[in-house]
Amino acid sequence: MKRMKILLLLFTAFAIQACSNNVVKKDPALKDVLQDKFLIGVALNTRQSSGKDTAAVRIVQEHFNAIVAENCMKSGELLKEKGRYDFSDADEFVKFGTDNNLTITGHCLIWHSQLPPWFCVDDNGENVSPEELKKRMKEHISTVVGRYKGVIKGWDVVNEAILEDGSYRKSKFYEILGEEFIPLAFQYAQEADPDAELYYNDYNEWYPKKRETVVRLINTLRDRGIRIDGIGMQAHVGMTNPTIEAYQETINDYVNAGVKVLVTEFDLSPLPEPRRMGGANLADREAYRKEIDPYTEGLPEDVMLAWNNRMMDFFNLFLKNSDHVLRVTMWGVSDGDSWKNNFPARGRTDYPLLFDRDHQPKAVVTQLIEQLSAGKDK
């Protein structure tokens with residue numbers, strides 16, 4: 001009997017050892033190697049947040065720890081009918097985030113685009129009074145932010161309100177309220193959820209005049225006791241513009257102004273940058289289309305290599321500034337999802353994201369993981 005017990009113990013020990021030897025070690029993912037640096041986020045469309053796009057969901061669950069809605073939380077989507085909110089897609093998006101333990105960003109509260117056509121006008125199509133617009137803004141912000149209070153970490157409160165020359169966009173909000181609409185939006189958001197982080201989000205902020213105005217905005221809010229936690233720097237970048245140096249200068253200016261930086265809407269197009277088209281005849285238009293859509297059958301190897309190196313340059317820039325960068329968010333899961341496929345012409349074939357049309361990681365993903373796993377953070 002004693003001998004049988006010893007044999008049984010030995011057999012159990014060998015079995016445990018055999019099982020442990022057969023365990024397949026999971027390769028590190030982007031969120032694993034970046035966990036001490038910044039959040040790595042991604043924008044989701046409704047097919048993804050609903051779980052229907054299973055290939056994209058797998059990538060999100062494996063590699064990302066933060067999400068933002070591509071469209072379903074914009075005012076035009078929430079308020080398709082005057083006076084009636086439809087939160088079905090937004091609720092589904094937030095549930096996807098909570099179910100998968102992802103940090104959730106709300107995008108966006110006040111934006112001149114994708115705005116309900118009635119929001120800033122009366123029944124006759126005339127601009128509403130300043131007091132009426134303030135009322136509508138506060139009601140919208142309080143309703144949306146209040147619904148997700150304590151669940152959504154931060155909000156893009158105002159989006160794309162300043163132009164490259166430093167002037168304010170002549171939106172309906174600006175026409176009726178002037179520059180005041182931005183402090184009011186931040187005030188209303190702060191009141192709706194005092195614990196949520198509040199961001200201003202814009203593109204092309206490496207233009208000096210534009211970022212000067214953003215810095216003045218930061219100081220104005222602070223002087224009035226209104227909180228602003230970060231600036232979202234949209235990173236719809238190309239192969240030559242902006243320079244890494246210009247992006248670094250912009251980060252420096254915002255850090256010196258006392259806020260954190262969020263790299264938002266990040267994609268890198270390897271295609272030729274659009275130019276203003278001259279003629280209107282069909283031959284000119286077809287030539288222009290071929291010019292801006294040259295890689296319909298896939299990227300040449302040298303172009304892919306250049307793209308990979310440029311993407312690594314940007315990630316190394318973000319890593320260098322990781323003390324000041326809260327989050328880096330890709331604007332789409334894979335190349336096939338990208339809005340760039342339809343800009344500036346529909347049907348364009350672009351390759352701006354970290355995962356290809358077959359939902360496979362590009363070389364830069366492996367390179368970044370290997371670099372950080374080896375402790376070679378630049």
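How closely do the axes of helix H11 and helix H13 come, and at roughly what angle do they cross?

Tutor: The model is a predicted one, in which local features need pLDDT of at least 70 and side-chain atom pairs count only at pLDDT 80 or more, while totals for chains, interfaces and linings use all residues. Residues are numbered from 1 along each chain as its sequence is written, and side-chain values use heavy atoms, with hydrogens and water left out.

The axes of helix H11 (residues 244-256) and helix H13 (residues 301-320) come within 11 Å and cross at roughly 25°. Axes here are lines fitted to C-alpha atoms, for helices over the stretch in contact, and angles run from 0 to 180 degrees between N-to-C directions. Helices (H or I, at least four residues) and strands (E, at least two) are DSSP runs, numbered from the N terminus. H11 and H13 are therefore roughly parallel to each other; angles under 35 degrees count as roughly parallel, over 145 as roughly antiparallel, 65 to 115 as roughly perpendicular and the rest as oblique.

On the H11 side, Ile 244, Tyr 247 and Gln 248 take part; they meet Arg 310, Asp 313, Phe 314, Leu 317, Phe 318 and Lys 320 in H13. Contact means heavy atoms within 4.5 Å. By class, the contact of H11 with H13 has five nonpolar, one polar and three charged residues, where Ala, Val, Leu, Ile, Met, Phe, Trp, Tyr, Cys and Pro count as nonpolar, Asp, Glu, Lys and Arg as charged, and the others, Gly among them, as polar.

H11 also holds Thr 250. At 0% relative accessibility, Thr 250 counts as buried; buried means under 20% relative accessible area, exposed over 50%, and partly exposed in between (1.4 Å probe, protein chains only). Leaving aside neighbours within four places in sequence, Thr 250 is in contact with Glu 205, Trp 206, Arg 211 and Met 233. In the loop between strand E6 (230-237) and H11 lies Pro 242, and the peptide bond from Asn 241 to Pro 242 is cis, with omega near 5°. Most residues other than glycine have a negative phi, and most peptide bonds are trans.

H13 has a further helix partner in H14: the axes of H13 and H14 come within 10 Å and cross at roughly 40°. This crossing of H13 past H14 is right-handed. From H13, Trp 307, Asn 308, Met 311, Met 312, Phe 315, Asn 316 and Leu 319 meet Ala 363, Val 364, Gln 367, Leu 368, Gln 371 and Leu 372 in H14. The contact of H13 with H14 comprises nine nonpolar, four polar and no charged residues.

The loop between strand E8 (325-330) and helix H14 (363-373) includes His 359. Although not a glycine, His 359 has a positive phi of about 65°. At 16% relative accessibility, His 359 counts as buried.

The crossing of H7 and H9 is right-handed. The residues of H7 in this contact include Met 137. Of the 100 residues in the largest nonpolar core, Met 137 and Phe 266 touch the most other members; such a core is a set of buried Ala, Val, Leu, Ile, Met, Phe, Trp, Tyr and Cys residues joined through side-chain atoms within 4.5 Å.

As for the whole chain, there are 14 helices and eight strands. Buried residues make up 49% of the 378 residues. Among contacts between residues at least 6 apart in sequence, 77% join residues at least 24 apart.

Key:
Left-handed = near helix turned anticlockwise from the far one by under 90°.
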